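Trainee: I'm new to this one and would like to learn how to read it. Could you take me through a few features?

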Amino acid sequence: MASLNTLRTRGGIIVSIVIGIALLAFLLTDLMTSGSTLMNANKAKVGEIDGESIGYITYSNQLDKLTQISQIMAGKDALSPEEQDQVNQLTWESLILENAYLPGFEILGTGVSEGEQIDMVSGVYISPVISGLFVNRETQRFDPTLLKAFIDNIEVDQTGQSAMLWNYMKEQMLSERAMSKYVALVSAGQYVADFEIEQALENSNKDYNARYVTLNYASIPDSTVEISASEIRNFYNAHPSMFRQSASRDIEYVMFELLPSDDDKAAAEKQVNELAEEFANAENPMQFATLNSQEKTDTRYYKESELPGDLAILAFGSGDTKMVGPTLNGNIYTISRVADMRDLPDSIGARHILLPITETQRADSIVAALKAGADFVALSDEFSQDPNARQRGGDLGMFTPDVMIPEFSAACIEANPGDIFSVKTSYGIHVVQLMRKTQPVRKAQIATITYRIEPSEATQQEVYGRASKFISEGAGSYENFVKAAADNAVIKRIARIRNTDRAVRGMENSRELVRWAFTGEKGDVSSIMDVDGSYVIAAITEAREDGIATEEQVAADIRNILILKKKAAMLGEKLQGNSLEEIAVANGVKVGTIDSLNFNTFYVPDLGAEQKLIGAVCGGAQPQTLSKPIDDITGVYKIEVSGVVPTENESEADAKVRLEAMSEVYLTERITHTLSMIADVKDYRVKFF
């Protein structure tokens with residue numbers, strides 16, 4: 001498996017390239033929908049892509065495949081929850097690519113031919129999937145010899161992992177090339193017209209000075225503005241596109257935190273003190289710590305400068321201190337002793353020839369041959385099973401002892417520069433020549449026991465009892481939930497969950513709660529759920545589906561919009577007069593000034609990002625003439641442009657470059673949005689995964 005070391009260190013590049021170039025993730029957060037409940041005919045469907053149902057088994061098979069690929073890349077037997085979430089998303093994106101985009105590219109004629117496939121690996125235009133992965137560590141450039149060595153190793157890799165990785169890379173190469181061709185095709189139709197450049201120069205090369213009077217919306221209380229139900233309904237019917245939404249759930253929840261009681265803390269203190277007494281007298285501190293610590297014991301060696309103050313004194317001080325602790329930090333006790341002191345090098349340089357674990361006799365023969373003067377590079381090239389190191393004559397470079405497998409590092413530490421020896425590890429038999437070793441320095445191995453204060457069974461029963469009392473009173477309806485919260489004096493918390501969320505914000509490992517929210521209906525109250533060691537009970541207060549929100553769901557938002565509109569009209573009536581000074585006196589405000597405002601400005605000093613104001617000053621208002629009222633973000637303005645100053649802020653060439661760059665950004669957004677809308681993606685995974 002040494003042949004996979006380079007891929008593991010650079011494995012993230014594949015995901016970066018495919019997700020980054022293939023656009024196609026493609027704003028999925030705006031396209032998700034929750035689908036139907038688990039109890040109907042769609043219960044085995046995790047989504048829809050371009051009108052096709054994606055079944056549970058189809059998704060699971062792809063998820064298993066990509067999980068295995070990710071484990072190989074990371075060199076792990078299991079992924080962390082965060083890594084698994086990334087694989088879940090990558091699985092969904094790969095199915096969108098496979099079911100919606102690639103078939104369309106084939107019809108369009110932008111598919112990838114057999115000749116292109118060969119060129120991506122060995123031609124002029126190497127795929128970025130390949131060129132970004134097989135990189136020489138010294139030159140930091142694509143190295144075709146590393147690619148060849150990996151491909152050559154596929155047949156001898158009996159685990160089949162190399163073949164699996166290669167097949168995956170080929171899939172990603174095809175996807176990346178097809179998408180790149182499509183983007184290039186659309187990009188070829190983009191250009192900046194001459195009149196656009198002329199207009200850009202007109203806008204950029206003038207600075208404007210202006211005077212203004214403003215009245216803030218906050219000067220009129222919301223309570224004084226009446227909005228009728230019919231006004232809300234008319235606005236809703238006239239602007240449906242404003243209320244497009246993705247699926248989400250609003251919940252209220254109460255949490256009964258499972259924390260250690262005072263009795264639990266006292267019991268833990270007694271237990272830790274007894275443990276500390278035994279630890280102080282233990283003959284083998286590291287062994288004792290390994291057997292008694294609740295967390296994995298660190299066995300590495302550290303210099304004095306690498307240890308925190310109390311441990312540095314413990315290991316390198318006068319010797320008066322034999323043990324540090326018990327020390328309480330939060331709910332965790334630690335107790336530390338020096339387990340060992342050694343003179344160790346900071347870094348080691350070596351080269352090796354890796355052989356199968358069964359070839360002991362060949363290893364002995366190679367060791368003898370090398371000691372007799374044989375060429376290490378030639379023997380590495382002929383026999384080593386580590387193609388990455390083989391490309392450098394077996395050289396592993398300089399490394400710290402703790403980055404290598406323990407047996408390998410221990411053998412190197414005991415050897416002297418120039419020594420040739422063999423050592424067995426889980427990778428096989430290594431024939432090693434130690435090349436370099438820094439001057440040994442004094443290092444300490446610290447044995448540390450970690451003891452976490454946990455709630456006792458009695459505490460758990462007490463807290464669960466309070467949660468049970470709440471659910472007996474609050475079950476059945478949201479009204480019961482609210483009453484139970486008030487009667488039991490517990491705090492209700494709120495959260496909005498999108499169907500792409502893996503957890504409720506602020507609560508790790510709350511996937512069960514998210515899944516429940518999307519399989520229930522508005523008004524449902526959950527059972528007691530164990531979330532991060534606490535008991536949670538939730539109620540669904542709003543259920544939003546993908547599409548246009550209902551009038552009821554957006555009524556409050558519409559009300560706020562209409563209130564601002566009416567306030568703008570009311571303030572506009574107050575901004576009447578023959579001059580800014582007259583208007584200012586009538587309203588008890590001052591006349592303000594704006595200096596050197598440019599059409600490309602996004603922020604007005606002292607006023608903020610008032611875009612309508614900027615547009616009016618730089619393009620809409622006549623000089624020395626009072627404008628009409630301008631309703632913007634914070635209030636309503638009346639302005640008078642007092643001067644226009646020609647400038648040379650931008651050349652024609654600069655304007656063209658800027659507009660072309662903006663055009664490319666806009667193009668990417670439009671491609672993303674259009675392809676995603678056409679694919680009509682519906683995501684129901686939240687109910688299953």
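Trainee: Does C618 count as buried or exposed?

Mentor: C618 counts as buried, at 5% relative accessibility. The labels go by relative accessible area, with a 1.4 Å probe and protein chains only: buried is under 20%, exposed is over 50%, and partly exposed is in between. C412 is buried as well, with a relative accessible area of 0%. Keep in mind that this is a predicted model, where local features need pLDDT of at least 70, side-chain atom pairs count only at pLDDT 80 or more, and totals for chains, interfaces and linings use all residues. Residues are numbered from 1 along each chain as its sequence is written, and side-chain values use heavy atoms, with hydrogens and water left out.

Trainee: What is K567 in contact with?

Mentor: Contact means heavy atoms within 4.5 Å. Setting aside neighbours within four places in sequence, K567 is in contact with Y217, I220, P221, D222 and V225. K567 sits in helix α21 (residues 551-574), and at 4% relative accessibility this lysine counts as buried. Helices (H or I, at least four residues) and strands (E, at least two) are DSSP runs, numbered from the N terminus.

**Helix pairs**

Trainee: At what angle do α3 and α8 pack?

Mentor: Helix α3 (residues 56-74) and helix α8 (residues 161-187) pack at about 115°, and their axes are 10 Å apart. So α3 is roughly perpendicular to α8. Axes are lines fitted to C-alpha atoms, for helices over the stretch in contact, with angles from 0 to 180 degrees between N-to-C directions; under 35 is roughly parallel, over 145 roughly antiparallel, 65 to 115 roughly perpendicular, and the rest oblique.

Trainee: Which residues meet there?

Mentor: On the α3 side, K65, L66, Q68, I69, I72 and M73; on the α8 side, Q161, M164, L165, Y168 and E171.

Trainee: And how do α4 and α8 cross?

Mentor: Helix α4 (residues 81-108) and α8 have axes that come within 10 Å and cross at roughly 55°, so α4 and α8 are oblique to each other. Here L90, L97, L102, F105 and L108 of α4 make the contact with Y168, S175, A178, M179, Y182 and L185 of α8.

Trainee: What should I look for in the backbone?

Mentor: Most residues other than glycine have a negative phi, and most peptide bonds are trans. In this model, the peptide bond from G325 to P326 is cis, with omega near 5°, and P326 lies in strand β7. N509 has a positive phi of about 55° although it is not a glycine. N509 is in the loop between β14 (493-498) and α20 (511-519), and is exposed, with a relative accessible area of 60%. D532 also has a positive phi of about 55° without being a glycine. D532 is in the loop between β15 (529-531) and β16 (534-544) and counts as partly exposed at 41% relative accessibility.

**Sequence versus space**

Trainee: How far apart in space are M323 and G51?

Mentor: M323 and G51 are 67 Å apart, C-alpha to C-alpha, and 272 residues apart in sequence. M323 lies in the loop between α13 (309-316) and β7 (324-329). Now take E462 and L258: they are 204 residues apart along the chain, and their C-alpha atoms are separated by 9.4 Å. E462 is in helix α18 (residues 457-474).
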